[in-house]
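Subject: A structure for you to look at

Hi there,

Here is the structure I promised to pass on. Please open it and have a look around, then read my notes below.

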Amino acid sequence: MVTAVQVAAVAAPAARVIGGGVAVYVMLKAARLMSETSTTVAGLRKRGDLLIERANAAIDRAGEQIAKTEAVTASIEGVTATMSELDGHLTALAPPAASQASATARPLTWAASLAYGIRWALGTRRAAQQGTARPASQWPSPWPGRDAGRGAALPGRANGRSR
């Protein structure tokens with residue numbers, strides 16, 4: 001029968017050989033992992049540099065566009081000032097014609113509307129005196145082209161009657 005001391009005597013050197021092999025294996029795996037990591041980091045650096053170059057190019061293009069926009073804005077301000085000056089010259093040369101036309105047309109418009117209103121009121125009164133008065137909802141409209149009577153203006157009503 002094998003004693004515990006004999007098993008320990010055989011197991012100790014075997015453990016050293018197996019343990020040393022495991023340690024070497026772990027070291028080789030760690031070295032390979034470090035090599036792959038350094039390769040990945042180098043690739044990321046290259047990509048980062050490329051990204052920074054592209055960002056700088058975009059910033060340069062944006063600066064050029066801002067400069068162009070400032071030039072256009074300055075040009076528009078000049079055009080605005082010139083148009084304002086031209087408007088002043090035109091106003092000094094000829095006053096607006098619309099104000100003269102409306103000033104002469106106001107009395108005529110007032111007189112025409114007064115005459116029309118009086119004629120309509122008299123016509124309505126004559127109809128009432130002759131006994132042919134219509135209900136208020138059927139009176140003729142004072143405005144040509146519009147529906148007659150006040151009932152047509154009310155939603156949901158047809159000629160003054162509810163539906």
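Predicted model: local features only at pLDDT ≥ 70, side-chain atom pairs only at ≥ 80, totals over all residues.

What pLDDT does the chain average, and what share of the residues score at least 70? The chain averages a pLDDT of 75, and 58% of the residues score at least 70.

Now for the overall layout. You will find two helices and two strands in the chain, and reading along the sequence gives the pattern α-α-β-β. Helix H1 covers residues 4-93.

How much of the chain counts as buried? Of its 163 residues, the figure is 2%. The chain exposes about 14100 Å², and carbon and sulfur atoms supply 65% of that area.

Part of the surface is a nonpolar patch formed by Val79, Met83, Leu86, Leu90 and Leu93. Together these residues have about 530 Å² of accessible area. One of them, Leu90, has its place in helix H1.

There is also a charged pair to find. Side chains of opposite charge can pair when their charged atoms come close. The structure holds one salt bridge, and it joins the side chains of Glu36 and Arg32, with 3.6 Å from N to O. Both residues lie in helix H1, four residues apart, which is about one turn of the helix.

Are the two partners buried or exposed? Arg32 has a relative accessible area of 52%, so it counts as exposed, the cut-off being over 50%. Glu36 has 44%, so it is partly exposed, as its value falls between the 20% and 50% limits.

Happy exploring, and write back with any questions!

Best wishes

Key. Residues numbered from 1 in each chain as written. Heavy atoms only, no water. Patch = residues over 30% accessible without salt bridge, like charges linked within 9 Å, V, L, I, M, F, W, Y side chains within 5 Å. Areas by Shrake-Rupley, 256 points an atom, 1.4 Å probe, with all protein chains shown as cover. Salt bridge = Lys/Arg side-chain N within 4 Å of Asp/Glu carboxyl O. Buried < 20%, exposed > 50% of the residue type's maximum accessible area, 1.4 Å probe, protein only. pLDDT = per-residue confidence, 0-100.
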